[in-house]
Each structure stands twice: as C-alpha cells, then as structure tokens.
Amino acid sequence: MESSAVLSKLISSYQKYYDVKKCNEIFESTAEFHSCNEQYFLVKAAKISQFESNEYVFFAQEQNLTAEKLLFLDENAWKTGLSKVKVSSHHRNSDVTLIIVAQTIEPEAKKKIRRLRHYKSYCFSFKGWSSYKIIAYEVSTEKIFANKAGNSLKKLFN
C-alpha cells in the first residue's frame, strides 16, 4: 500500500468528528476538535463549572523521514498548535498531535520519535495545559513508532 493511500484513509477516519482542512504548506492536512462541557445544579442559572478541551492534529507525508525533517515537522506542529490555544479561565486542555506517514524512516529518526516530548501549563495549570503526541507509520515495513503519549494512537493503523 502506498503512503498516500494510508494517509487518505487516516484523514477520512478523522472527518467524522474533526474539522479537517487541506494544507499545501508543511502539512498535508490539519484537523481540529473542540469540546465545551458545562455542569449545572438543578437549573442552568446555577452553573457549577465549564471547561473547554481542544485537539489540533497535523498530518504529514514523507518519502524518507530523516531526523532533520522530523525535528522540522515537530517544531512546526508544536508552534502552530500552541498559536491556536485560547487561554481563559474555562480552558482545560489543548493537545497537539503530529501524525507522519512515511515510506521509509531512518534509524536516527526512529530513536528521536520516542524521545520527543512537549508540555506547557498555563498559570500553573489553573488555566489548563497543552500536551503533545507524535506517531509515525513506516509503510515499507508496516511498523509504528510513537512517543509515550502517542502510544494510544497505535490503534489507528490496525
């Protein structure tokens, strides 16, 4: 199976719940998910709490993923995701996810994927936080590489 076919299947699975947009720049597509929950006590006027959760997903396709290209995609996904965060008293979390589909992945890049971590708290987590997930799929060997937070995304490729 080609990497473009894998990526299009993956993007179509996100279209049910996420707002997916095509990109022509660094990433093939981006997907956004926004959720707002409120809790009330008997009537809506007695609001107990309200919180917002967001997720920003970036899809990239590469022929050969090198360590330099990985770090470039990683930095751009994290910066772009954080630029979309709107911190308020109702903000709970805004997660950034990078999904890479590559025909081949160099050994150095495979090692770096597992070690990539980003985290940011806003006002000592009183106004929420941002965490980072990364997963890469090597089409030629059908192997999956992810950081610790991205391990939950492995089921996408099964």
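**Entry 1**

I began with Phe157, which is buried at a relative accessible area of 16%; I call a residue buried under 20% relative accessible area, exposed over 50% and partly exposed in between (1.4 Å probe, protein chains only). This is a predicted model, in which local features need pLDDT of at least 70, side-chain atom pairs count only at pLDDT 80 or more, and totals for chains, interfaces and linings use all residues. Residues are numbered from 1 along each chain as its sequence is written, and side-chain values use heavy atoms, with hydrogens and water left out.

I then looked up the aromatic pairs, where rings of Phe, Tyr and Trp (its six-membered ring) pair if their centres lie within 6.5 Å; planes under 30 degrees apart count as stacked, over 60 as edge-to-face and the rest as tilted. The count by this rule is 6 aromatic pairs. One of them is Phe27 with Phe58, tilted because the planes are at 45°, with ring centres 5.0 Å apart. Phe27 lies in the loop between β1 (19-22) and β2 (29-41) and Phe58 in strand β3 (residues 43-65), 31 residues apart. Strands here are DSSP runs (E, at least two residues), numbered from the N terminus. Phe27 is buried at 7%, and Phe58 is buried at 1%.

Phe157 pairs with Tyr137: the centres are 4.7 Å apart and the planes at 10°, so I noted the pair as stacked. Tyr137 belongs to strand β6 (residues 129-138) and Phe157 to the segment after β7 (143-146), 20 residues apart. Tyr137 is buried too, at 10%. I also noted one aromatic cluster, formed by Tyr14, Tyr18, Phe33 and Phe59.

**Entry 2: strand β6**

I checked β6 next. Two strands pair if DSSP finds at least two bridges between them. I found β6 parallel to strand β4 (residues 91-105) over 8 bridges, with Lys133 as the bridge partner of Thr97. Strand β5 (residues 119-121) runs antiparallel to β6 over 3 bridges, and Trp129 stands opposite Ser121. β7 is also antiparallel to β6, over 4 bridges, with Ala136 opposite Phe145. The β6–β7 hairpin has 4 residues between its strands, and Glu142 in the turn has a positive phi of about 60°.

**Entry 3: cysteines**

I looked for disulfides (a pair of cysteine sulfur atoms within 2.5 Å) and found 0. The sulfur of Cys123 has its closest cysteine sulfur in Cys36, 19 Å away, too far for a bond. Cys123 is partly exposed at 45%, and Cys23 is partly exposed at 23%.
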